[in-house]
Amino acid sequence: MNHLIRFQLEMSRNWYLDIAESCPADLADVQLDKFNNTIRWQLGHILTVAERMLFRAPFLTSSLPSAFTEWFDSGSRPSDWSDNPPTLKELISLLRRQQERLLAIPKEHFDVRLDPPFFGFASYGECAGFVIVHESFHAGKMEEMLRVIKQKS
């Protein structure tokens with residue numbers, strides 16, 4: 001049987017990717033007054049947060065360029081971008097590759113205690129739990145954004 005955390009990481013990422021792949025490229029950068037960001041920002045944000053939470057501490061295997069933090073960290077917004085972040089297609093590809101890495105995390109790692117805690121989480125498994133909840137929240141937000149954008153188009 002698959003490890004429960006890996007199963008949930010796969011399930012939430014698959015849901016997220018299904019939504020992302022249903023987004024027409026011409027709608028990925030539409031920003032309505034109702035929302036602080038865009039579909040493309042949502043994709044990069046999930047990629048960036050998962051990378052930070054599961055591939056920087058404690059195992060230090062991060063693979064994203066530092067510019068991702070500037071483009072997609074909490075509080076950033078597309079209106080502040082001074083250069084071009086990855087396209088919708090590139091972000092989806094990066095999310096798929098990251099998913100392969102997520103699913104390859106050895107189950108023993110989820111029991112590793114973090115001292116000091118990382119963003120308030122005491123174990124690597126707690127960090128993974130946050131990634132699952134965070135990704136699910138943003139998947140719902142992205143569905144809402146797509147629905148509203150399509151209604152306005």
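## Lining of the largest pocket

The lining of the largest pocket consists of three nonpolar, six polar and two charged residues. In this classification Ala, Val, Leu, Ile, Met, Phe, Trp, Tyr, Cys and Pro are nonpolar, Asp, Glu, Lys and Arg are charged, and the others, Gly among them, are polar. The model is predicted: local features need pLDDT of at least 70 and side-chain atom pairs count only at pLDDT 80 or more, while totals for chains, interfaces and linings use all residues. Residues are numbered from 1 along each chain as its sequence is written, and side-chain values use heavy atoms, with hydrogens and water left out.

The lining is formed by F35, N36, N37, W41, Q42, G75, S76, R77, H138, K141 and M145. A pocket is an open set of points on a 1 Å grid over the protein atoms alone, where a 1.4 Å probe fits, with protein on both sides within 12 Å along at least five of seven lines; lining residues have an atom within 4 Å of a point.

M142 lies in helix α5 and is buried, at 0% relative accessibility. Buried means under 20% relative accessible area, exposed over 50%, and partly exposed in between (1.4 Å probe, protein chains only). Leaving aside residues up to four places away in sequence, M142 is in contact with Y16, I19, A20, I39, Q42 and L43; contact means heavy atoms within 4.5 Å. Between M142 and W41, which are 101 residues apart along the chain, the C-alpha separation is 10.0 Å.

F7 belongs to helix α1 (residues 4-21). With a relative accessible area of 40%, F7 is partly exposed.

## The chain as a whole

The protein chain has five helices and two strands, in the order α-α-α-α-β-β-α from the N terminus. Helices (H or I, at least four residues) and strands (E, at least two) are DSSP runs, numbered from the N terminus.

Of the 153 residues in the protein chain, 47% are buried. Among contacts with a separation of 6 or more, 74% join residues 24 or more positions apart. The C-alpha atoms fill a box of roughly 50 × 35 × 25 Å along the principal axes.
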